[in-house]
Structures are given as C-alpha cells and as structure tokens.
Amino acid sequence: MKEFEVKITEKLIKKIFIKARNKQEACKIAKTAYENCEIVLDAENFKSVEFETSEQSKNQGIR
C-alpha cells in the first residue's frame, strides 16, 4: 500500500465590532484581545474545511 499525507485545514470566522480611531488601531486592538484570549473562536465560528492529499516519497515518513 502507498502512504499519503493528508492536510486538513479548518477556517473559523468571527465578526466583532471595535471602536477605534482608524482601521489599523481596530486591528491592533483585536489582535491584542485575541492574543490575550479575550476573543476565542470555537466550533460555532466554523466556516469551512479543506482536505489536501499528497503521496509520500520513499524517503519521507509519517509526520
């Protein structure tokens, strides 16, 4: 049998509203809140999933 590597990528999306002077400040506030776990994405924010498969070469193992 052959070995295949399957990469699974999930996309989560959450819209929030932030008061700020401009887009850059809003992004910085959101990023800081996310890094401090004040904004958490979970299963209810699920948007899509992708599967990408590639065949392993002879000198590669399972990661």
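Which residues form a nonpolar patch on the surface? In this predicted model, the patch consists of Phe4, Val6, Ile8, Leu12, Phe46, Val49 and Phe51, with about 670 Å² of accessible area together. Residues are numbered from 1 along each chain as its sequence is written, and side-chain values use heavy atoms, with hydrogens and water left out. Because the model is predicted, local features need pLDDT of at least 70 and side-chain atom pairs count only at pLDDT 80 or more, while totals for chains, interfaces and linings use all residues.

The secondary structure of the protein chain amounts to 1 helix and 2 strands, arranged along the sequence in the pattern β-α-β. Helices (H or I, at least four residues) and strands (E, at least two) are DSSP runs, numbered from the N terminus. Of the 63 residues in the chain, 10% are buried. Buried means under 20% relative accessible area, exposed over 50%, and partly exposed in between (1.4 Å probe, protein chains only).

Strand E1 (4-12) and strand E2 (46-55) each supply at least two residues of the nonpolar patch, and E1 gives the most, with 4 residues. Patches are made of residues with over 30% relative accessible area and no salt bridge; like charges are joined within 9 Å and nonpolar side chains (Val, Leu, Ile, Met, Phe, Trp, Tyr) within 5 Å. Accessible areas come from the Shrake-Rupley method with a 1.4 Å probe, and for residues only the protein chains shown count as cover. Phenylalanine 51, one of the patch residues, is found in strand E2 and counts as exposed at 59% relative accessibility.

Helix H1 (residues 23-35) has 13 residues, which should span 18 Å at 1.5 Å a residue; its end C-alpha atoms are 18 Å apart, in agreement with this. The expected span is 1.5 Å times one less than the number of residues. The buried residues of H1 are Ala26, Ala30 and Ala33. Seen down the helix axis, these buried residues fall within an arc of 65°, so they line one face of H1. The arc is that of the directions from the helix axis to the C-beta atoms. On the other side of H1, Gln24, Cys27, Lys28, Lys31 and Glu35 are exposed.

A search of the whole structure finds 0 disulfides, a disulfide being a pair of cysteine sulfur atoms within 2.5 Å. Cysteine 27 is exposed at 53% relative accessibility. Cysteine 37, in the loop between H1 and E2, is exposed with a relative accessible area of 59%. Although cysteine 37 is not a glycine, its phi is positive, at about 60°.

The count of salt bridges comes to 3, each defined as a side-chain nitrogen of Lys or Arg within 4 Å of a carboxyl oxygen of Asp or Glu. Glutamate 55 and lysine 2 form one of them (3.7 Å, N to O). This pair links distant parts of the chain, with glutamate 55 in strand E2 and lysine 2 in the segment before E1, 53 residues apart. Glutamate 55 is partly exposed at 46%, whereas lysine 2 is exposed at 57%. A salt bridge also joins the side chains of lysine 7 and glutamate 52 (3.6 Å, N to O). Lysine 7 lies in strand E1 and glutamate 52 in strand E2, so the pair ties together parts that are 45 residues apart in sequence. The side chains of glutamate 25 and arginine 21 likewise meet in a salt bridge (3.0 Å, N to O).
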